[in-house]
Amino acid sequence: MNNALHSVQDITYRLLRIEKSSRADCDSDIRLAIYVCAKLQVPLTRFAGPVGYSTLLSRALALSCADNTRFQDMFISPDGILVISEPTSLQGQPISTNLPNDEGAILIAHLLALLATFVGEHLMLTLLSDAWPDESFDRDAPAIEVKS
Amino acid sequence: MSKQKKVIIRKLATGVQGLDEVCGGGLPEYSFNIIGGSPGCGKTTLAHQIMFANATPEKPALFFTILGEPAFKMLRYQQQYDFFDHEKLKSCIRFINLSKLALEGDLDAVLNEIVKEVAATSPGLVIVDSFRTMNWNAQSGNSSGELQAFVQKLALYLASWQATTFLIAEYSDSEIQNHPIFTVADGLFWLYQKVERNSIVRKMQIMKLRGQASIPGIHTIRLNESGMQIFPRTFGLTNTESHNPAPNRISLGIPELDALMGGGVHEGNSLIVSGPSGAGKSILGAYFIAEGLRVGEAGVIAVFEETPDSYLRHVSQIGIDLAGPRKDGRLQIIYLRPLDLSVDETLHEVAEAVKRVGAKRIVIDSLAGFEMALAPGFRFDFRESLYRMIRSLTKLGVTVLSTVETQEKFDSFGLSNYNISFLSDSIIRLRYVSIRGRLRKLLAIVKMRGSEHSSEMYEYSISASGIKIEKPFKNYRGLISGIPSPWDPTRGPDEEK
């Protein structure tokens, strides 16, 4: 996660925790990340179209592959869904309590960083609010630093 | 039958500097408008700027992306502008992408989706970006008739839902005149972009705006960090009251010169001082402004050939102090050497300065420097724009003194290298004459509209104490050639003899 950003990381872990809280049976970081992406797909497709969402996710996946080769086992289906091509290799990873350096966080952090890069923090948080309407995303948090 | 009251159409402020004036007071509420033009001319920026100015939580804006630029890229650039208010994204503005439906060529599905979103949101403003008719027809297999029907239905529906609507469209120049879609629109805003030599010229025209007296013609546009700014051909002076010409004469600050002009220049007139380099044109302008300041009239000086500090130093050498009035705000000195500004932008700056200080006198020093400061592509419009500005200012009662450099020829008495006498009510001509191997300075009043004036040619001098009008040149013929000879050779070459 060389390019991932500190505050993006905070939001990433928060999104994973939100999904984990409603999916107690989920036993994989990667699976949680897939659920997060599925939630984001709706507002992002509405905002940027299915192609816009797919291309953004593809880029996040490519960046994740550079960080961890295990992402090479994943691809994006024509309808924009993240798919594990070899489920056995990525299933069953334990979910740690504070999620340090886990694969799922890598992917989500890259996706959020790309969003922040293109549309800015404010609109990114608005889109997150659309995906998780019951959650409040703090707009007064320090600005996200985007490193190239 | 009793006379019925007219429906009042509310006008929305566009949030674009200059556009309200061009529209005739703002955008008609609930109107259905098309913003057209070639790629890169600012259509999306214009729509965004209007959207951010008008979107509220009660009357939000919906921005539908059809076949326009990708939303990610569009917003990445749009948020660089000052008008982009992130807070409005939360509750006032929604971006909705319909590119999938559009690419499938399903116009009914696109319309249904828009209708569904509009019904759910009740927006005050709807923007649909964008229609590229040529690509659309080729890609989708739809005929232009189907597209027209789609636009008609859209217009009908959105008007009923009390939404002011903008379609952003790309059309070829040949389609502008007769495209059937344009008959549906209440407003047609056309943007142009052209590269001329080393500069980009952007312009806008309101080709149609139902129910409003928009300003005809083509207006210059500038895109900068603030967004779009429009420079109306009327220089922001549309709604100002016209000055009734009074018989007042105002002093140029040199009593002897006033006397030659029959008591001074008429207030609200345009005066041109024409002459070669070093003849004292700028100094005459400084006298004119200083005299105005002395009697309580604020002034504006637009300099193009030297910096304001240099100008102030220059005139202080003949005892004219303009630094004090500049400091206390009674005088504004504008220094414009932008090299790629249009005439209208530059003149807009001048007109704004006049309004800011309430100027009654203005000096443009010089027209040649002004023209040189413009990008080459704008120089074609120079005379016409200058005429409009001078007429706009003088209509307000502002007296304008412009200097213009002449290339001195010794076989004629040309007034300037431009055909600009139509700009002026009065012309003072300065020139050098060669007498006995010495260049002497000559001043003549060539023209004073509606007034008698001296027809003699006077010698004048410039020294540390200022300009001094001397005696008229007598006993010479050929003075206007610059190389005079004595009328009576027996009396010698000089009139003093």
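User: Let's start with chain A. Among contacts between residues at least 6 apart in sequence, what percentage join residues at least 24 apart?
Analyst: That's 66% in chain A. Keep in mind that this is a predicted model.

User: Switching topic: how many residues does each chain put into the contact between A and B?
Analyst: Chain A gives 14 residues and chain B gives 15. On the chain A side, α2 (29-67) and α4 (103-131) each supply at least two residues.

User: Now chain B. Is helix α2 there buried or exposed?
Analyst: Buried: 12 of the 12 residues of α2(B) are, so the helix is largely enclosed by the rest of the structure. Among them are K43(B), H48(B) and F52(B).

User: What span should that helix have, and what does the model show?
Analyst: Helix α2 of chain B covers residues 43-54, and at 1.5 Å a residue its 12 residues should span 16 Å. The end C-alpha atoms of α2(B) are 17 Å apart, which agrees.

User: I also see a sheet in chain B. How many strands, and in what order?
Analyst: Nine strands make an open sheet in chain B, in the order β16-β15-β17-β18-β14-β19-β20-β21-β22, with mixed pairing. The edges are β16 (331-335) and β22 (466-472) of chain B, each pairing on one side only. From one strand to the next, the twist averages 20 degrees.

User: What packs on that sheet?
Analyst: Helix α11 (residues 281-294) of chain B does, touching several strands, including β14, β19 and β22 of chain B. The direction of α11 makes about 165 degrees with that of β17(B).

User: Remind me, what holds strands of a sheet together?
Analyst: They pair through backbone hydrogen bonds, in a parallel or an antiparallel way.

User: Then which strands pair with β19(B)?
Analyst: β14 (residues 270-275) of chain B pairs with β19(B) in the parallel sense over four bridges. One of the bridges has L271(B) with S426(B) as its partner. β20 (residues 438-448) of chain B runs antiparallel to β19(B), and 10 bridges join them. There, R429(B) stands opposite A444(B).

User: How many residues sit between β19(B) and β20(B)?
Analyst: Two, and the pair forms a hairpin. In the turn, R436(B) has a positive phi of about 50 degrees.

User: Why call β19(B) largely enclosed?
Analyst: Because eight of the 10 residues of β19(B), which covers residues 426-435, are buried.

User: Last one: how does β20(B) pair with β21(B), parallel or antiparallel?
Analyst: Antiparallel, over three bridges. In that pairing, L442(B) has E459(B) as its bridge partner.

Technical notes. Residues are numbered from 1 along each chain as its sequence is written. Chains are lettered from A and ligands numbered from 1 in the order in which they are written. This is a predicted model: local features need pLDDT of at least 70, side-chain atom pairs count only at pLDDT 80 or more; totals for chains, interfaces and linings use all residues. The expected span of a helix is 1.5 Å times one less than its number of residues. A residue is buried if 20 or more other C-beta atoms lie within 10 Å of its own, exposed if 12 or fewer, and partly exposed in between; C-beta atoms are placed from the backbone. Two strands pair if DSSP finds at least two bridges between them. Axes are lines fitted to C-alpha atoms, for helices over the stretch in contact, and angles run from 0 to 180 degrees between N-to-C directions. Two residues are in contact if their C-beta atoms, placed from the backbone, lie within 7 Å.
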